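Visitor: Could you walk me through this structure, please? I'm new to this.

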Amino acid sequence: MRRRDFIKASFAASFAAASGSLIAAESRKKPNIVVIMVDDMGYSDIGCFGSEIETPNLDGLAKQGVRFTDFHNTARCCPSRASILSGLYPHQAGMGWMYKDHDLEGYQGHIHRNCVTIAEVLRPAGYFTAITGKWHVGRAIPSQIPTSRGFDRFFGCPTGAGFFYQPNKEVYLNDKLKYNSKSEMPEGFYTTHAWVDYGIQFAKEAFKQDKPLFYYLAHNAPHWPLQAPKETIEKYRKRYLCGWDELRRQRYERMKRMGILKEQWGLSHDKREDWDKLKNARYRWYKRGIPAWDELSEKEQKEQADMMAVYAAMIDEMDKSVGRLVDFLKEKGEYENTVFMFLSDNGGCAEGRAEAHNFGKNTGRLGGPESFIRCGRAWAHAQNTPFKLFKHYTHEGGIATPLIFSWPAKTKSKAGKINRTPGHIIDIMATCIDIADAEYPKKFHGNDIPPYEGKSLLPAALQDKPIERDAIFWEHEGNRAIRKGKWKLVSYVKEIRKFKTSAGWELYDMDKDKSEIHDLAQKYPEKVKELAELWEKWARRTKAKPWPWG
């Protein structure tokens with residue numbers, strides 16, 4: 001029996017046929033799908049991946065499901081969102097960079113019409129489709145907002161979401177403006193919970209119509225500006241007085257004990273002189289290495305610990321929002337038949353300064369609506385434990401994401417199993433199609449649609465089978481990588497407008513050295529040549545090249 005037929009038969013045996021039309025009855029046998037993406041969260045920032053931050057709800061999903069520990073995003077927000085929606089590499093969807101139109105096919109600044117979104121694929125399969133939070137793959141114009149790309153409901157920001165209390169961007173409800181910077185916001189408004197408030201309302205609509213739900217919860221937490229409720233910040237205020245060096249060591253040891261990391265994988269950039277090679281990097285905030293915690297005065301240490309506490313509080317609040325959604329689904333009897341996938345759009349964010357800094361007004365409380373904190377490189381380094389580099393880069397610190405896959409009706413027997421199969425965010429589309437028994441179109445609204453690039457995660461999640469694939473590729477701002485089997489070839493750009501200053505290719509054996517410490521490029525030049533040629537072919541095929549900067 002084919003796997004899709006088996007899944008369909010399982011649904012028929014497990015769930016009674018819904019009343020109403022035949023289409024509604026057939027579709028209602030399918031599971032709900034909830035994809036949760038967070039913004040700028042490091043690899044080790046949730047409890048079930050080694051963090052000290054309290055995330056009991058995500059940990060609970062992980063205990064009933066599978067943790068994919070070798071999963072990846074695209075290193076930046078807009079490209080990752082394009083890939084999760086389209087199942088394509090971001091350049092194929094027109095989002096090779098951010099939302100500026102560079103007049104190149106791979107860099108149009110919005111998801112173009114030569115691809116389809118998950119919502120456009122799942123809605124014909126009977127799904128009620130909803131999104132709340134950060135869209136960030138288009139502009140606030142009718143042709144580029146979620147309701148024009150297959151979503152029945154939308155509450156969030158078409159152009160990003162750089163706020164948590166008072167909007168500094170337009171917030172839409174479906175296709176109408178709901179709030180802007182001049183709006184008087186409801187008492188207690190905080191985006192992390194507002195997204196889920198509306199998500200629950202949309203879910204109620206789906207269940208009232210007797211349809212399965214596809215819900216894309218696109219959190220903007222814990223992206224800067226770091227802002228969180230006072231009482232949650234207080235819970236973490238003393239927790240980070242140990243400093244970023246000790247925090248990173250503690251997480252590293254905890255991750256090894258949990259089995260997230262193999263014993264032979266080292267802690268990258270243990271020595272401060274390792275940062276010397278990055279002094280001419282593209283971004284000015286990487287030009288100086290991470291200061292030792294002991295170099296700071298007692299006052300400075302307290303200030304730094306307080307700002308990291310805000311970051312931790314944001315993840316804590318995000319986890320609470322997940323808990324509210326889970327509780328609602330349990331109340332409605334929908335939890336067991338819901339597939340959850342949780343991941344981050346890129347690695348920890350080093351933008352700002354070496355240390356955490358408040359760029360906002362020096363009035364009000366730290367972490368309140370008027371503060372504008374960025375974590376900085378030092379804390380981001382700990383957030384990405386044990387990897388090196390950050391958001392923007394295609395080293396593991398920029399592209400590695402924790403992935404939780406939980407389908408309570410089918411994954412309870414996995415009991416927190418760890419899966420080390422390499423994966424990529426392009427796999428989410430393929431997985432949703434497999435779960436929903438949906439059809440991916442060759443043509444849509446008169447446009448030719450390229451085949452999706454990803455692979456379904458179901459065989460790995462439910463049957464511990466490896467994902468059969470040739471290679472995975474990355475490109476962002478000239479930072480490049482390819483993963484083929486155990487080998488990873490990676491390079492970063494020192495200066496984006498002078499691409500000839502590329503640092504060159506590095507080669508790593510990811511089975512032995514996932515932290516990318518021991519560069520084997522000189523030892524295996526033929527392997528470098530082989531992988532570089534594959535990357536070049538991919539870049540031309542997917543429109544990653546030509547680059548908009550030369």
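Predicted model: local features only at pLDDT ≥ 70, side-chain atom pairs only at ≥ 80, totals over all residues.

Visitor: How many bridges join E3 to E7?

Guide: Helices (H or I, at least four residues) and strands (E, at least two) are DSSP runs, numbered from the N terminus. Two strands pair if DSSP finds at least two bridges between them. E3 covers residues 128–134 and runs parallel to E7, residues 213–218. The number of bridges joining them is 6.

Visitor: In E4, which residue is the bridge partner of Ala130?

Guide: E3 also pairs with E4 (residues 153–157), in the parallel sense, over 5 bridges. Within E4, the partner of Ala130 is Arg153.

Visitor: How many of E3's 7 residues are buried?

Guide: Buried means under 20% relative accessible area, exposed over 50%, partly exposed in between (1.4 Å probe, protein chains only). E3 is mostly covered, and its buried count is 7 of 7.

Visitor: Why are the buried residues of H3 on the same side?

Guide: In H3 (residues 56–63), the buried ones are Leu58, Asp59, Leu61 and Ala62. Going by directions from the helix axis to the C-beta atoms, they share a side because their arc around the axis is only 155 degrees.

How values were computed
Residues numbered from 1 in each chain as written. Heavy atoms only, no water.
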